[in-house]
Amino acid sequence: KNSVRLAIMPILLPGYLERPQIVTRSNQITNIRVNDYDRWGEELSSGIERIIAISLAEHGVYASPLRGALPTDAKLRIAIRRFEGTDNGTVILDSVWSVHQEGVLLKSGTFTRTLAFTGGNAEMVNALSALIHDLGTEICCNLL
């Protein structure tokens with residue numbers, strides 16, 4: 001079976017996430033807290049691309065960040081609307097995604113999910129990573 005090959009376009013992040021520091025919310029809506037000493041291990045958009053590529057590969061979809069002239073079947077765009085932990089021990093991912101082939105929309109969807117975690121920032125980051133992985137699975141389920 002030929003596998004699908006996707007180019008992952010640069011991840012679109014809201015301005016409050018375009019920083020090396022981990023961001024949390026002290027309540028569900030308004031108070032964003034930038035953790036000066038807790039930082040992502042890599043640029044957030046690159047980490048999201050990496051986890052999405054791993055998740056897609058587990059379902060037979062080859063994906064890599066759009067770099068150079070590697071042959072691809074389609075382009076995957078992901079826009080993150082919310083991606084953070086909260087003081088009540090949950091993380092949230094709110095995103096939209098679309099797959100385009102030669103400028104034509106093939107599939108699109110929204111993915112919003114929360115997940116509970118216990119512990120500190122390491123556990124929060126693991127839970128956020130799990131949500132990104134689940135996003136990749138959701139995209140695969142809609143493509144295949």
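Contact here means heavy atoms within 4.5 Å. The model discussed below is a predicted one.

Q: Which residues does S95 touch, leaving out those up to four places away in sequence?
A: The partners of S95 are A79, I80, R81, G109, T110, F111, T112 and L135. S95 itself sits in strand β6.

Q: Why is S95 called buried?
A: Buried means under 20% relative accessible area. S95 has 0% relative accessibility, so S95 counts as buried.

Q: Which parts of the chain does the pair of W40 and F83 tie together?
A: W40 belongs to the loop between β3 (32-39) and α1, while F83 belongs to strand β5, so the pair links parts that are 43 residues apart in sequence. Both of these residues are buried.

Q: Which members of the largest nonpolar core touch the most other members?
A: They are I52, L56, L76, I78, I80 and F83, in a core of 36 residues. At least two core residues come from each of β1 (4-8), β2 (21-25), α1 (44-57), β4 (61-65), β5 (74-86), β6 (90-101) and α2 (121-143). The largest share, eight residues, is supplied by α2.

Q: What is L56 in contact with, once neighbours within four places in sequence are left aside?
A: The contacts of L56 are L6, V61, A63, L76, G136, I139 and C140.

Q: Why is the link between E42 and R50 called a salt bridge?
A: The cut-off is 4 Å between a side-chain nitrogen of Lys or Arg and a carboxyl oxygen of Asp or Glu. The closest N and O atoms of E42 and R50 are 2.6 Å apart, so the pair qualifies as a salt bridge. By this rule the count comes to five salt bridges.

Q: What makes D134 and R113 a salt bridge, and which parts does the pair tie together?
A: Their closest N and O atoms are 3.5 Å apart, which falls within the 4 Å limit. D134 lies in helix α2 and R113 in strand β7, so the pair joins parts that are 21 residues apart in sequence. D134 is partly exposed because its relative accessibility is 28%, and R113 is partly exposed with a relative accessible area of 35%.

Q: Why is E102 called exposed?
A: Exposed means over 50%. E102 has a relative accessible area of 81%, so E102 is exposed. E102 is found in the loop between β6 and β7 (104-116). Phi of E102 is near 50 degrees, a positive value in a residue other than glycine.

Conventions: Residues numbered from 1 in each chain as written. Predicted model: local features only at pLDDT ≥ 70, side-chain atom pairs only at ≥ 80, totals over all residues. Heavy atoms only, no water. Core = buried A, V, L, I, M, F, W, Y, C linked by side-chain atoms within 4.5 Å. Buried < 20%, exposed > 50% of the residue type's maximum accessible area, 1.4 Å probe, protein only. Helix = DSSP H or I, 4+ residues; strand = E, 2+ residues; numbered from the N terminus.
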